[in-house]
Amino acid sequence: MAGALTMTACAKDSGDNSASGDDGGSAGECVTAQAPPPVEASSDEREAATDVDASDLKVALAFDVGGRGDASFNDAAAAGVDQAEEDMGVGDTTESTAAGTESEDAKQQRLTQMADKGYDPIIAVGFAYADALKAVAPEFPDTQFAIVDDDSVDEPNVTPLVFAEEQGSFLAGVAAVYKSQNCHVGFVGGVDTPLIKKFEAGFVQGAEAVSDNVTVEVDYLTPAGDISGFNDPGKGNVVGKAQINKGADVLYHAAGASGKGVFEAAAAGDALAIGVDSDQYEQKTVADVKDVIMTSMLKRVDVAVYDYIRALAEDDLDSLPERFDLSVDGVGYSTSGGQVDDIAEILNGYKKQIVDGEIEVSATP
């Protein structure tokens, strides 16, 4: 079926930033596409690297805004290091968090201080570190660096850890339509950047793959250059409420710590929500609203960070994939809470079609 699926988001150039679609309709009426052939879910489990010795490594995490405890992107990176400590005996770790309004000099200073103290590797969590890393990495040629979500730093001691966010978000869009009662869903992006556009693109394509009738709201909390959109739950709440007032009853956010506000809006507005990056149903910082989190689009930053540390310990960086996509479970969806158990077969069917190349998901809206 999906060889012909070359859908793109059809967001209007209008004030409400919503994609076109018929109004209303129940979930049964909303789904207009035939479900993909059923497939068995993979039962393969990743093996812990308990036989790998990383005791010589001193790992530094340079967090993006929000830091450890953001219940999202940074927490996922932290989880990868924590697991590496447990399984591989990482010798020492440190971490530092970016401020929302800090300068490039501050980012460079953070990375430089970590390198001066002998930390190796240094993992920069987020594309915001790209320019700083371009300046710092050549100054420390014997130190290994990694950067999450950026592949623009062309230095021999820098490893990019990048993902197919659009593929996981496609599955989120499918799930949203299957669970929507209004045939009306929403996407809340933290900052209007090419990276977050990948989440939007996949989500809208997934929603439109299963429905000719769905309406998709699309809003961003801040424009490019203003990264406060990743750490403003209040603004996330306001935008989430606005989408619900327009009729959306399933909201998907890619907004970092601002996602807590989206969840709170969903809880107050009798809607459902889809988390991002980590399994947010299990995150303590959003435990009071976890019942509205029907699933999360898993961006396995934890897996990428863990595998990077393992590869360094084994002196085998070439073993890392060029991109963490659905084929290596670098992205996916969570099942905590059981709210998508009834459509897991459908989601796995779409996953197989993407992995097999029958569906090509665009990275741009």
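# Sheets, helix packing and backbone features of a predicted model

Strand 3 and strand 4 (residues 145–148) pair in the parallel sense over three bridges, where pairing requires that DSSP finds at least two bridges between two strands. The structure is a predicted model, in which local features need pLDDT of at least 70 and side-chain atom pairs count only at pLDDT 80 or more, while totals for chains, interfaces and linings use all residues. Residues are numbered from 1 along each chain as its sequence is written, and side-chain values use heavy atoms, with hydrogens and water left out. Helices (H or I, at least four residues) and strands (E, at least two) are DSSP runs numbered from the N terminus.

- Five strands form an open sheet with parallel pairing, in the order 2-1-3-4-5.
- Strand 2 (92–97) and strand 5 (158–161) are the edge strands, each pairing on one side only.
- From one strand to the next, the twist averages 20°; axes are lines fitted to C-alpha atoms, for helices over the stretch in contact, and angles run from 0 to 180 degrees between N-to-C directions.
- Helix 3 lies across strand 1 (58–63), strand 2 and strand 3, and runs at about 170° to strand 1.
- Helix 9 also packs on this sheet, touching strand 1, strand 3, strand 4 and strand 5, where contact means heavy atoms within 4.5 Å. The direction of helix 9 makes about 150° with that of strand 5.

- Six strands form an open sheet in the order 7-6-8-9-10-11, with mixed pairing.
- The edges are strand 7 (215–222) and strand 11 (331–333), each of which pairs on one side only.
- The twist here averages 15° from one strand to the next.
- Strand 10 (residues 293–299) and strand 11 run antiparallel and are joined by three bridges; Met-297 stands opposite Tyr-333 in strand 11.
- Helix 7 (residues 233–245) packs on the sheet through strand 6 (184–191), strand 7 and strand 8 (250–254), and its direction makes about 160° with that of strand 7.

**Helix 2 with helix 9**

- The axes of helix 2 (residues 73–88) and helix 9 (residues 301–313) come within 7 Å and cross at roughly 40°.
- That angle makes helix 2 oblique to helix 9; angles under 35 degrees count as roughly parallel, over 145 as roughly antiparallel, 65 to 115 as roughly perpendicular and the rest as oblique.
- The contact includes Phe-73, Gly-80 and Met-88 of helix 2 and Val-301, Tyr-306 and Arg-310 of helix 9.
- Its residues divide into eleven nonpolar, two polar and three charged. Ala, Val, Leu, Ile, Met, Phe, Trp, Tyr, Cys and Pro count as nonpolar, Asp, Glu, Lys and Arg as charged, and the others, Gly among them, as polar.

- Helix 5 and helix 10 (residues 344–355) have axes that come within 10 Å and cross at roughly 150°, which makes helix 5 roughly antiparallel to helix 10.
- Helix 5 passes helix 10 in a right-handed crossing.
- Among the residues that meet are Phe-170, Leu-171 and Tyr-178 in helix 5 and Ile-346, Tyr-350 and Lys-351 in helix 10; the contact comprises nine nonpolar, one polar and one charged residue.
- Helix 5 and helix 6 (residues 194–210) pack at an angle of about 40° with their axes 6 Å apart, and are therefore oblique to each other.
- The crossing of helix 5 and helix 6 is also right-handed.
- The residues of that contact, including Ser-169 and Gly-173 of helix 5 and Phe-199 and Gly-202 of helix 6, divide into twelve nonpolar, five polar and three charged.

**Disulfide**

- One disulfide is counted, a disulfide being a pair of cysteine sulfur atoms within 2.5 Å.
- Cys-30 is joined to Cys-183, with an S to S distance of 2.1 Å.
- The link of Cys-30 and Cys-183 is right-handed, with 70° about the S-S bond.
- Cys-30 lies in helix 1 (residues 27–30) and Cys-183 in the loop between helix 5 (165–179) and strand 6, so the pair ties together parts that are 153 residues apart in sequence.

**Backbone exceptions**

- Most residues other than glycine have a negative phi, and most peptide bonds are trans.
- A cis peptide bond joins Asp-120 and Pro-121, with omega about 15°; Pro-121 is in the loop between helix 3 (104–116) and strand 3 (122–124).
- Asp-315, a residue other than glycine, has a positive phi near 55° and is placed in the loop between helix 9 and strand 11.

Methods
A crossing is left-handed if the near helix is turned anticlockwise from the far one by less than a right angle, and right-handed if clockwise.
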